[in-house]
Structures are given as C-alpha cells and as structure tokens.
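Subject: Handover of a structure and the findings from it

Dear colleague,

Please find the structure below, handed over for your study.

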Amino acid sequence: MTVEITTKDDSSALPVWLVEKGGLDQLNLDKAIIGWTNAHGFEGASGALLTVPDRNGGLCGALLGLGGNEDALILGKLATGLPSGVWKLANPPANPNLAAL
C-alpha cells in the first residue's frame, strides 16, 4: 500500500484540501462535502484527517486540518493517514519547499 502525493496534472489523483481551523468556508467545497465534515465534527484541528466519500461509495478526496497556523510538517501525516492511491494538494501549502520534506 502506497500513498503518492503528486504535483503533476493527474486527473486520477484525488484532492487533499488543507484546512485551517474554522476555514472550511474559504475553500468553496461542494455542499455534500461540507455536510460530511459537519457530520463528523471536522473543524480543521491540527492533524485531523478526514476522507470524503463520493456518491458511489468510493473516495472523492480528503481534508487535512492545519489548526490555527500552518505547520508544513503536518503534511507528513498524509503518508500514514491516507488510503493507498495517488493524491494531490488541492490548495497550496504556505511553504511548499518545507512541505516536500
């Protein structure tokens, strides 16, 4: 099982949205995704990871909580917290060079 985070334009890669605490409204997510996050109490707490299902029972993405300020190293949680597959960051981290570590 491997998790690959790609920067390539790969249409099969699932998005990972980086969410600051209380920042879901800033991402313009689909209403169904907002409903899912609310049902699971996801508020963007640091290190919180939530996978999001699609309408067919598969996955359509994931959200990673950054807390009150972005700690680029928190992105390391994706390697162990996401199901195997190809993923891409839906919104750029504040420090992409540090996040690449």
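A search of the whole structure finds 1 salt bridge, a term that stands for a side-chain nitrogen of Lys or Arg within 4 Å of a carboxyl oxygen of Asp or Glu. The partners are K21 and E43, whose closest N and O atoms are 3.9 Å apart. K21 lies in the loop between β2 and α1 and E43 in the loop between α1 and β3, so the pair ties together parts that are 22 residues apart in sequence. Both K21 and E43 are exposed; exposed means over 50% relative accessible area, buried means under 20%, and partly exposed is in between, with a 1.4 Å probe and protein chains only. As background, side chains of opposite charge can pair when their charged atoms come close.

Please note how the model should be read. This is a predicted model, in which local features need pLDDT of at least 70 and side-chain atom pairs count only at pLDDT 80 or more, while totals for chains, interfaces and linings use all residues. Residues are numbered from 1 along each chain as its sequence is written, and side-chain values use heavy atoms, with hydrogens and water left out. The pLDDT is the predictor's confidence in each residue, from 0 to 100. For the protein chain the average pLDDT is 87, and 90% of the residues score at least 70. Confidence is highest in β3, at 97, and lowest in α3, at a mean of 62. The names of helices (H or I, at least four residues) and strands (E, at least two) refer to DSSP runs, numbered from the N terminus.

The sheet comes next. It is an open sheet of 5 strands, in the order β1-β5-β2-β4-β3, with mixed pairing; two strands pair if DSSP finds at least two bridges between them. At its edges are β1 (3–6) and β3 (49–53), each of which pairs on one side only. On average, neighbouring strands of this sheet are turned by 30° against each other, direction ignored. Helix α1 packs on the sheet and touches β2 (14–20), β3 and β4 (59–67), and its direction makes about 135° with that of β3. Contact here means heavy atoms within 4.5 Å; the axes are lines fitted to C-alpha atoms, for helices over the stretch in contact, and angles run from 0 to 180 degrees between N-to-C directions.

The individual pairings can be followed strand by strand. β1 and β5 run parallel and are joined by 4 bridges. In β5, G85 is the bridge partner of V3, and W87 is that of I5. β5 also runs parallel to β2, with 3 bridges between them. There, L14 stands opposite W87 and P15 opposite K88. β2 pairs with β4 as well, in the parallel sense over 5 bridges, and W17 stands opposite L63 in β4. Of the 7 residues of β2, 5 are buried, and the strand is mostly covered.

Just after α1, G41 takes a positive phi of about 70°. N28, in the loop between β2 and α1, has a positive phi of about 55° although it is not a glycine. N28 is exposed, with a relative accessible area of 72%.

Is N91 buried or exposed? N91 is buried, at a relative accessible area of 16%, and is placed in the loop between β5 (85–89) and α3 (96–99). A polar atom of its side chain lies 2.8 Å from the backbone oxygen of L18. Leaving aside neighbours within four places in sequence, N91 is in contact with V16, W17, L18 and L27.

By contrast, T7, in the loop between β1 and β2, counts as exposed at 82% relative accessibility. Its C-alpha atom is separated by 17 Å from that of K77, which is 70 residues away along the chain.

Yours sincerely

Technical notes:
A polar contact is a pair of N or O atoms within 3.5 Å; within protein, one must be able to donate a hydrogen and the other to accept it, and residues adjacent in sequence count only if both atoms are side-chain atoms.
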